[in-house]
Amino acid sequence: MKTVGDARARLNGSRVYRSIGLVERFIEAQPTDVDDVLFNALLDTCCRLKDLPRLEAIAQRMRELEVTASPVTLGILVKTYGQAGDSQKVLQLWTDMDQQRRSA
């Protein structure tokens with residue numbers, strides 16, 4: 001997905017959203033085959049698109065499927081909310097990261 005929305009080329013929003021939709025259908029069809037790497041790709045794409053509602057929906061689906069957020073996942077979320085200027089969300093994620101690290 002990074003290639004579809006690569007910054008070197010002009011972003012084709014409809015193509016990117018079509019790709020996101022295909023991956024979301026895969027997640028619905030085969031929820032046992034997903035992992036944090038797949039979700040990270042989706043989250044990073046939403047970050048690049050600055051699509052916070054979609055990012056939050058994907059993060060929620062990740063929690064529903066009990067896919068553990070990796071440090072990379074949390075970094076993507078911190079970056080996205082930081083770019084959006086949502087310092088409360090950034091601080092909450094920072095707290096979550098600290099708790100996750102302590103429980104590991």
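The buried residues of helix α5 pack against α4 (71-84). The model discussed here is predicted.

**Overall composition.** The chain contains 5 helices and 0 strands, and its elements run α-α-α-α-α from the N terminus on. Of the 104 residues in the chain, 34% are buried. Among contacts with a separation of 6 or more, 54% are accounted for by residues 24 or more positions apart. The helices treated in this report include the following.

| Helix | Extent |
|---|---|
| α1 | residues 13-29 |
| α2 | residues 36-49 |
| α4 | residues 71-84 |
| α5 | residues 87-103 |

**Helix α5.** The buried residues of α5 are Val90, Leu93 and Met97. Viewed down the axis of α5, the buried residues lie within an arc of 65 degrees, and therefore they line one face of the helix. An α-helix has 3.6 residues a turn, so residues three or four places apart point the same way. The other side of α5 carries exposed residues, namely Gln88, Leu91, Arg102 and Ser103.

**The α1 and α2 pair.** The axes of α1 and α2 come within 11 Å of each other and cross at roughly 155 degrees. Because this angle is over 145 degrees, α1 is roughly antiparallel to α2. The crossing of these two helices is left-handed. On the α1 side, the contact is made by Val16, Tyr17, Ile20, Val23, Phe26 and Ile27. On the α2 side, the contributing residues are Leu38, Phe39, Leu42, Thr45 and Leu49.

**Leu49.** This residue belongs to α2 and takes part in the contact with α1. Is Leu49 buried or exposed? Its relative accessible area is 18%; because the cut-off for burial is under 20%, Leu49 counts as buried. Leu49 and Val16 are 33 residues apart in sequence, while their C-alpha atoms are 9.0 Å apart in space. Both residues are listed in the contact between α1 and α2, Val16 for α1 and Leu49 for α2.

Technical notes:
Residues are numbered from 1 along each chain as its sequence is written. This is a predicted model: local features need pLDDT of at least 70, side-chain atom pairs count only at pLDDT 80 or more; totals for chains, interfaces and linings use all residues. Side-chain values use heavy atoms; hydrogens and water are left out. Helices (H or I, at least four residues) and strands (E, at least two) are DSSP runs, numbered from the N terminus. The expected span of a helix is 1.5 Å times one less than its number of residues. Buried means under 20% relative accessible area, exposed over 50%, partly exposed in between (1.4 Å probe, protein chains only). The arc is that of the directions from the helix axis to the C-beta atoms. Contact means heavy atoms within 4.5 Å. Axes are lines fitted to C-alpha atoms, for helices over the stretch in contact, and angles run from 0 to 180 degrees between N-to-C directions. Angles under 35 degrees count as roughly parallel, over 145 as roughly antiparallel, 65 to 115 as roughly perpendicular and the rest as oblique. A crossing is left-handed if the near helix is turned anticlockwise from the far one by less than a right angle, and right-handed if clockwise.
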